[in-house]
Amino acid sequence: MLNIPKTRDQIDQWQSLMFLYNSALKEISVKIEILNNEFIQIYKYNPIEHIKTRLKTAESIVKKLKLHNLEATVENVEEKNNDVAGIRIICSFIPDIYQIADMISNQSDVTVLHVKDYIKNPKPNGYKSYHMVVTIPVYLSDGPQETKVEIQIRTVAMDFWATLEHKIYYKSQGKAPDYLQQDLKACADVVDVLDAKMYSLNEAISAWNNEEHG
């Protein structure tokens, strides 16, 4: 049985914490939307296909803490968990990922805590994505509260692979046979080729347009 807070005081603390994380998601979502709209205004091109946000459930948070032999306290949630609030940014092409990451990092009220670049250094199973853990201030009546948000930035193709890989691998409860893991890695390699080819085609079309209308 998961040790989810049950007393009135614990529930109030937990609800306040979840409100904070949910507010942080709203703050970062609006910021990213504004950056994307500015990019469209200046360059007539939108680097972001779509955005997904996710707030972990109490059960999921407590389960992760227990996995690391930690008590389900508000302090441990804030200090030990980086992914309670998560936002996934889906881009068209790989260069867009780094441009968006730079745009977010350059915001004066966003503090980047750490970065994991699984595009340059993919996981052994072929997983690729660019991860950032940042803090963003949530402005409450008693002042700003710096709150963590995990940002994942990936291409449409990477997201397609990662979403289906999670569904397939989840069914095996982490004990997938070797051949399945090899096939998933092979699919990830196909995704790499697709990403590169689509970007190459996009560049070729852009060059052709410039010649035609330049």
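Helices (H or I, at least four residues) and strands (E, at least two) are DSSP runs, numbered from the N terminus. By that rule, the protein chain has 6 helices and 5 strands, and Ile104 sits in helix 4 (residues 94–105). This is a predicted model: local features need pLDDT of at least 70, side-chain atom pairs count only at pLDDT 80 or more, and totals for chains, interfaces and linings use all residues. Residues are numbered from 1 along each chain as its sequence is written, and side-chain values use heavy atoms, with hydrogens and water left out.

**The whole chain**

- Along the sequence, the pattern of the protein chain reads α-β-α-α-β-α-β-β-β-α-α.
- The C-alpha trace of the protein chain spans about 70 × 50 × 20 Å along its principal axes.
- The protein chain has 214 residues, and 39% of them count as buried. Buried means under 20% relative accessible area, exposed means over 50%, and partly exposed lies in between (1.4 Å probe, protein chains only).
- The protein chain exposes about 13100 Å², and carbon and sulfur atoms supply 54% of that area. Accessible areas come from the Shrake-Rupley method with a 1.4 Å probe; for residues, only the protein chains shown count as cover.
- Take the contacts in the protein chain with a separation of 6 or more: residues 24 or more positions apart account for 66% of them. Contact means heavy atoms within 4.5 Å.

- Ile104 has a relative accessible area of 1%, so it is buried.
- Leaving aside neighbours within four places in sequence, Ile104 is in contact with Ile32, Leu35, Ile89, Val110, Met132 and Ile151.
- Ile104 and Val134 are 30 residues apart along the chain, and their C-alpha atoms are separated by 9.4 Å.

- Lys64 lies in helix 2 (residues 58–67). Its relative accessibility is 27%, so Lys64 counts as partly exposed.
- The side chains of Lys64 and Asp83 are joined by a polar contact of 3.0 Å. Not counting residues up to four places away in sequence, Lys64 touches Lys56, Asn81 and Asp83.
- From Lys64 to Val191 the distance is 30 Å, C-alpha to C-alpha, and the two are 127 residues apart in sequence.
- Lys128 belongs to the loop between strand 3 (111–117) and strand 4 (130–140). Lys128 is buried because its relative accessible area is 15%.
- The side chain of Lys128 makes a polar contact of 3.1 Å with the side chain of Asp192. Leaving aside neighbours within four places in sequence, the contacts of Lys128 are Tyr118, Ile119, Pro122, Arg154, Met158 and Asp192.

**Ser23 and the backbone**

- Ser23 is part of helix 1 (residues 8–43). With a relative accessible area of 14%, Ser23 is buried.
- A polar atom of the Ser23 side chain lies 2.8 Å from the backbone oxygen of Phe19.

**A nonpolar patch**

- Phe160, Leu164 and Ile168 make a nonpolar surface patch of about 280 Å².
- Patches are made of residues with over 30% relative accessible area and no salt bridge: like charges are joined within 9 Å, nonpolar side chains (Val, Leu, Ile, Met, Phe, Trp, Tyr) within 5 Å. A salt bridge is a side-chain nitrogen of Lys or Arg within 4 Å of a carboxyl oxygen of Asp or Glu.
- Ile168 is placed in helix 5 (residues 156–171). Ile168 counts as partly exposed because its relative accessibility is 38%.

**Cysteines**

- A disulfide is a covalent bond between the sulfur atoms of two cysteines. Here the cut-off is a pair of cysteine sulfur atoms within 2.5 Å.
- The structure holds 0 disulfides.
- Cys91 has 0% relative accessibility, so it counts as buried. Cys187 has 42%, so it counts as partly exposed.

**Positive phi in two loops**

- Lys44 is not a glycine, yet its phi is positive, about 55 degrees. Lys44 lies in the loop between helix 1 and strand 1 (48–55), and it is exposed, with a relative accessible area of 67%.
- Asn69 also has a positive phi, near 55 degrees, in a residue other than glycine. Asn69 lies in the loop between helix 2 and helix 3 (74–80), and it is exposed, with a relative accessible area of 71%.

Conventions
Polar contact = N/O pair within 3.5 Å; in protein donor to acceptor, adjacent residues only side chain to side chain.
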